[in-house]
Amino acid sequence: MICPAEKCTGCFACVNICPKNCIQMKEDHFGYVYPEVDQDLCIHCNLCDKVCPSNHPIQANQPMNAYASWVLDQEQRELSTSGGLATLVSKFIIENRGIVFGAAYQDKEIQHIRIDDVKDLDKIRGSKYVHSYLKFAYREIKNYLKQDKKVLFIGTPCQVAGLKSFLGKEESNLYTIDIVCHGVPSQKLLKEELKDFEPYDKVLFRDQNGFNLTVFNKGVIIKSIPSYKSLYYQAFLDSLTYRENCYTCPYANSQRLGDLTLGDFWGLGDLKSEKKDEDKGISLVLVNTEKGTTLLHSVDSKLFLEERSINEAIAGNSQLRHSSKVHKNRDVFLGQYLKIGYRGALEEALEYNSVKNRLKRIISSNSLLMGLIKRIKNS
Ligand SMILES: Cc1cc2nc3c(=O)[nH]c(=O)nc-3n(C[C@H](O)[C@H](O)[C@H](O)COP(=O)(O)OP(=O)(O)OC[C@H]3O[C@@H](n4cnc5c(N)ncnc54)[C@H](O)[C@@H]3O)c2cc1C
């Protein structure tokens with residue numbers, strides 16, 4: 001191993017740096033990917049060891065400002081997971097002849113892809129609550145920077161760390177946004193959840209109605225499962241199925257790696273300037289560098305933006321204080337997955353059929369129904 005397995009974030013920096021292309025990401029039994037070095041091709045240059053951010057930590061920054069924010073364009077706000085800033089900033093970069101890298105569902109995988117046309121922004125919009133594969137994105141980014149292109153990279157903090165470590169120096173044309181993250185399950189687990197709905201070409205994790213796992217094919221919805229009925233989603237929300245390293249994530253704190261940090265503004269108090277609109281997403285924006293200030297102010301005419309205290313932001317969002325705590329039944333899940341497979345293992349570990357959890361589901365489905373009736377009455 002290049003770093004201890006329990007520290008490996010699966011950032012792909014080692015894969016990208018290897019001059020012999022002899023490192024590949026391989027799935028373990030649960031689908032978590034780890035680098036495997038082909039010893040016959042390896043020339044022992046140790047670049048993989050040197051580039052690994054888990055071996056050589058990257059300098060992070062203390063946020064300078066915190067804002068509650070959302071995009072003023074209502075349609076854009078509703079289409080996005082939170083306040084829609086990721087898409088707005090991406091659009092700005094592309095309109096200024098730059099390139100954006102973000103996570104998309106492509107070739108039956110969630111992977112980071114390059115976007116250079118605003119028509120493709122939908123592909124990277126929205127949180128995908130699963131590990132996104134970087135493939136050779138860092139190499140591509142380096143090439144664009146060499147050509148003096150502006151590049152925006154949006155990803156989890158560990159992926160921003162991987163990119164910075166790969167580049168090895170400050171790049172004036174590189175802009176980074178790290179998203180507040182509480183952990184990523186493996187793609188294999190998501191595939192198991194969705195195997196009855198194949199073929200599909202897009203998965204949404206949140207929509208206007210909240211946390212729903214929605215599967216599309218050619219623009220048509222195949223299935224939409226509310227989070228409380230989806231084993232995958234329950235396991236994600238309960239911190240049962242993340243990569244091992246997510247439980248000791250060194251980036252889950254208030255020191256940030258991106259020029260900007262985006263998350264949901266949990267625990268937001270009363271706004272001074274406008275009544276907050278609870279139904280729609282409110283983003284937390286942390287500005288961590290001068291470049292972040294420039295980037296945010298390039299789009300601020302299209303935003304609701306109210307400065308808040310950094311302490312309020314940190315107090316409301318546990319991922320800015322500590323990493324996710326391991327679920328009490330994680331060992332049950334891992335052990336049973338090998339014996340009885342995906343559904344059985346999750347049902348057992350989540351205690352899915354206990355009286356308490358059955359009741360919770362009945363209450364959740366009724367509150368959704370009540371919400372729907374209220375909306376119809378009000379319309
Ligand atoms: C795995 C994961 C866990 C998260 N956990 C939290 C949390 O605990 N607390 C919190 O406040 N916010 C969390 N978020 C962030 C939140 O869901 C929103 O993404 C964020 O607030 C930005 O919202 P937005 O409307 O501006 O952009 P969105 O429209 O949501 O776009 C998000 C951007 O993130 C990128 N992205 C999407 N999925 C992934 C992925 N799997 N890996 C890397 N990059 C991705 C996309 O390229 C896109 O540009 C999480 C996001 C992810 C992907």
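**Note on the ligand site and the fold**

1. Start with histidine 182. One of its polar side-chain atoms lies 2.4 Å from an oxygen atom of the ligand. That is a polar contact, a pair of N or O atoms within 3.5 Å. The model is predicted: local features need pLDDT of at least 70, side-chain atom pairs count only at pLDDT 80 or more, and totals for chains, interfaces and linings use all residues. Residues are numbered from 1 along each chain as its sequence is written, and side-chain values use heavy atoms, without hydrogens and water.

2. Asparagine 317 also reaches the ligand. An N or O atom in its side chain is 2.9 Å from a ligand oxygen atom. The protein covers 98% of the 900 Å² of accessible area that the ligand has on its own (Shrake-Rupley method, 1.4 Å probe).

3. Valine 130 uses its backbone. A polar backbone atom there is 2.8 Å from a nitrogen atom of the ligand.

4. Now the shell. There are 35 residues around the ligand, and Thr81, Ala103, Ser127, Lys128 and His182 come nearest. A residue counts as near if one of its heavy atoms lies within 4 Å. The shell divides into 13 nonpolar, 18 polar and four charged residues. Here Ala, Val, Leu, Ile, Met, Phe, Trp, Tyr, Cys and Pro are nonpolar, Asp, Glu, Lys and Arg are charged, and the others, Gly among them, are polar.

5. Which elements supply the shell? Helix H4 (85–95) and strands S4 (99–106), S6 (151–155) and S11 (260–264) each give at least two residues. S11 gives the most, with three. Helices (H or I, at least four residues) and strands (E, at least two) are DSSP runs, numbered from the N terminus.

6. The overall fold has 14 helices and 13 strands. Its C-alpha trace spans about 65 × 55 × 40 Å along the principal axes. For 379 residues, a compact globule would have a radius of gyration near 21 Å, and the protein agrees, with 21 Å. The radius is taken over C-alpha atoms; the rule is 2.2 Å times the number of residues to the power 0.38.

7. Two loops deserve a look. The peptide bond from glutamate 198 to proline 199 is cis, with omega near -5°. Proline 199 lies between helix H8 (187–194) and strand S8 (202–204). Histidine 44 is not a glycine, yet has a positive phi of about 55°. Its loop runs between strand S2 (33–37) and helix H2 (47–51).

Terms used. Polar contact = N/O pair within 3.5 Å; in protein donor to acceptor, adjacent residues only side chain to side chain.
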